[in-house]
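Here are some worked exercises on a single protein chain. Have the coordinates open and try each task before you read its solution.

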Amino acid sequence: MVPACFLHAEKMEVPSKGLSIEPSQDWIELPPPFQGVVVSYGKKGTLATFHITERTLDEVKNIDQLKWEDLFSPEFGSIDIRTQNVTFVGGEKAKFCVYTLKPGEFKRTMEGKLPAKYINYVLIHQGKLFSITFADKEDGFAVTYPSFLAVIRTLRFDATKPVPPRKPV
């Protein structure tokens, strides 16, 4: 991965995954917080973050077959889905939902005392499930979400060849 100091408003290419995004200078790359994360970013001066994860699918062939109950398992009971719909991300059909966490142990573990709001996009590209999760404090979500959306609209997949590694400037 490319150090955050080289990102600025330039294209960030993730060579091993064949995808690219173009974050603005407000977003800095973060170390991946858990296994399966392709890339993570945080918005300067806020608690807003987003993570793109990837995993191989066993059987599901299209986005319409995915269910939130399965995607959020085993914590689906702790999720309060407020809105859900379908859109396109990176040229692929994607499902998304806006949600919060219900009061309880999972919410305390994930958020502590700062209630958050989330949006999760899921899409399938070349037999792999990509999940893009944006989160911010509930009271900051509406302010930071447009900046995140501008970044995600730049997501592109390169299906024909791997993306060459980036050269530092």
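**Exercise 1. Find the buried residues of α3 and check the length of this helix.**

Solution. Start with the burial: Phe-141, Thr-144, Tyr-145, Ser-147, Phe-148, Leu-149, Val-151 and Ile-152 of α3 are buried, where buried means under 20% relative accessible area, exposed over 50% and partly exposed in between, with a 1.4 Å probe and protein chains only. Keep in mind that this is a predicted model: local features need pLDDT of at least 70, side-chain atom pairs count only at pLDDT 80 or more, and totals for chains, interfaces and linings use all residues. Residues are numbered from 1 along each chain as its sequence is written, and side-chain values use heavy atoms, with hydrogens and water left out.

Next comes the length. The expected span of a helix is 1.5 Å times one less than its number of residues. For the 12 residues of α3 (residues 141–152) this gives 16 Å, and the end C-alpha atoms are 16 Å apart, so the two agree. Helices (H or I, at least four residues) and strands (E, at least two) are DSSP runs, numbered from the N terminus.

**Exercise 2. Work out the strand order of the open sheet and name its edge strands.**

Solution. Two strands pair if DSSP finds at least two bridges between them. The edges are β3 (27–30) and β6, each of which pairs on one side only. From one strand to the next, the twist averages 20 degrees.

Now look at each end. β3 and β4 pair over four bridges, and Trp-27 has Lys-43 in β4 as its bridge partner. At the other end, β6 (residues 79–89) and β7 (residues 92–101) share 10 bridges, with Asp-80 opposite Thr-100 in β7. These two strands form a hairpin with two residues between them, and Gly-90 in the turn has a positive phi of about 60 degrees.

**Exercise 3. Which strands does α3 touch, and what angle does its direction make with that of β9?**

Solution. Count a contact when heavy atoms lie within 4.5 Å. By this test α3 packs on the sheet and touches β3, β4, β5, β6, β8 and β9. For the angle, axes are lines fitted to C-alpha atoms, for helices over the stretch in contact, and angles run from 0 to 180 degrees between N-to-C directions. The direction of α3 makes about 150 degrees with that of β9.

**Exercise 4. Is Glu-54 buried or exposed, and which side chain does its side chain contact?**

Solution. First place Glu-54: this residue lies in strand β5 (residues 49–56). Its relative accessibility is 15%, so Glu-54 counts as buried. Its side chain makes a polar contact with that of Lys-128 at 3.0 Å. A polar contact is a pair of N or O atoms within 3.5 Å; within protein, one must be able to donate a hydrogen and the other to accept it, and residues adjacent in sequence count only if both atoms are side-chain atoms.
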